[in-house]
Amino acid sequence: MEEVNDKKKESLQEVVKEIKGAFLSTFNYGKEVSMLLEADKLPYQYTGTKFKVISSWIQHGVGPSPFTHLPSRQSILRSFKIAHANKKDLEMDAYMKSGTLSSTLDMLCAWEKKLYEEVKDEENHRVVYDKECKKLKDLTKKGAESSKIEVVSISIGRLLLRINVSVTSIDAISRRIDKLREEKLLPQLSELIKGLIRMWTFMAECHKKQLQKIMEAKSHVQVASCKITGDSGLRATMKLEMECLKWEKCFGDWINAQKSFVKFLNGWLIKCISQENEETCNGIAHFSPGRVGAPETFIVCKNWYQAVEKMSESQVSAAIHDFASSLHQLWEKQSEEQQQRVQADYLSRAYERRVRSFYEERGINYSNGTAASEVAGLDELEKNLGFMKKRLEKQRIIHVQAVKEVNAASSSLRSGMMSIFEALESFCLERLEGYQQMRNPNKGGKV
């Protein structure tokens, strides 16, 4: 019954074609996430033209320029109004509205760079301000001339005004960063996460179908019986092994890239809030953005980071590596079988030549169908060629054994592929579950 059912099953070649089609479907479906990440573009360069343009917009669009003279408070307010109505500022807003995730991150980076410069300027002004205040106090205490006291007082007034301007600029930039992060970055990250959920769902379904197909394939695969001779079979096996090892590396790099992206994104955001562990009745609770009232972007990225950190591709990598190892063993068996086959063919031809020569010496027209009874001196033939015949028969036995070993090694291909697709399906389902839990942060009482 098993043999009848096995005949009804598809051949491995037919199944491999369908598996390849499923891989192509998965690849095409993953393009959605690639588009969101702009994977088709050149690697990010911090000093790139786009970043310089954005920085130029920000430098000219918000915040005062370095003071060369002391402006009045009214002129400062007018400069802020003009800055917000500046054409470059409008261009920047348009860029933000039509921007992608990378452009939003570029904008945030540029704004934070501007914020850093403003904070640094404010701190420098405050250091000078404190020195001038101390100087004024000393002059007053010593009863210095009023002209000297007046000069220091004016200097203090100018420094105080600069500090106030810096504080106003810092506040404006900070609010701009908060708005950009919550109104632009958060929706883009949410869309990326939704895309990843759709991708993992589709991948899980595809790998499930692939597993079903390989399970439906014929259970016995005999590579030695295939119509592949010479070095072509060896090259095909070696190429498949190399592709599997490449697949293992690329898969690991792909998962690590996802982890790194979320790790650096979360690490960057976490630097913006104070991290303090909270003491509870159950001990010290680890830092959580939700408990300190951080904006939603921080909570989403923290949950996302925790979800991807649990990702372990070790089972998938191990399954692919084991399959590649079985291919290498198959290649070794094929190589050995080819050597034994060549040796058997050589001995067979040599034996055939000696027999033909024996017949021709006696004037007999030799053919493979010549009856032994028609040949005189058969005992002499056996005596002269006995050793060669035994050697040929022994070599044929060795070759038959080598063929069996090749077929035995090739029988593991099906089970190896099953292990890969089982691991892939399980991996995708685990990732999908992690992302779905991340979308519901309050599920199970977790923040």
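Let me start with Arg181, which counts as buried in this predicted model, its relative accessibility being 7%, because anything under 20% is placed in that class. This residue belongs to helix H8, which covers residues 146-216, and its side chain makes a polar contact of 3.2 Å with the side chain of Glu182. If we set aside residues up to four places away in sequence, Arg181 touches Leu108, Leu186, Leu269, Pro295, Thr297 and Phe298.

One of those partners, Leu269, brings us to the pairing of H8 with helix H9, the latter running over residues 231-270. Two packed helices are described by the angle between their axes and the distance between the axes. Here the axes come within 14 Å and cross at roughly 155 degrees, and the two helices are therefore roughly antiparallel to each other, since an angle over 145 degrees is counted that way. The crossing in which H8 passes H9 is left-handed.

Which residues of H8 and H9 meet? From H8 there are Arg181, Leu185, Leu189, Leu192, Leu196, Met199, Trp200 and Met203, and they face Trp254, Ile255, Gln258, Phe261, Leu265, Trp268 and Leu269 of H9.

Apart from neighbours within four places in sequence, Leu245 is in contact with His321 and Ala324, and although Phe323 is 78 residues away from Leu245 in sequence, their C-alpha atoms are 9.2 Å apart in space.

Key:
Residues are numbered from 1 along each chain as its sequence is written. This is a predicted model: local features need pLDDT of at least 70, side-chain atom pairs count only at pLDDT 80 or more; totals for chains, interfaces and linings use all residues. Side-chain values use heavy atoms; hydrogens and water are left out. Helices (H or I, at least four residues) and strands (E, at least two) are DSSP runs, numbered from the N terminus. Buried means under 20% relative accessible area, exposed over 50%, partly exposed in between (1.4 Å probe, protein chains only). A polar contact is a pair of N or O atoms within 3.5 Å; within protein, one must be able to donate a hydrogen and the other to accept it, and residues adjacent in sequence count only if both atoms are side-chain atoms. Contact means heavy atoms within 4.5 Å. Axes are lines fitted to C-alpha atoms, for helices over the stretch in contact, and angles run from 0 to 180 degrees between N-to-C directions. Angles under 35 degrees count as roughly parallel, over 145 as roughly antiparallel, 65 to 115 as roughly perpendicular and the rest as oblique. A crossing is left-handed if the near helix is turned anticlockwise from the far one by less than a right angle, and right-handed if clockwise.
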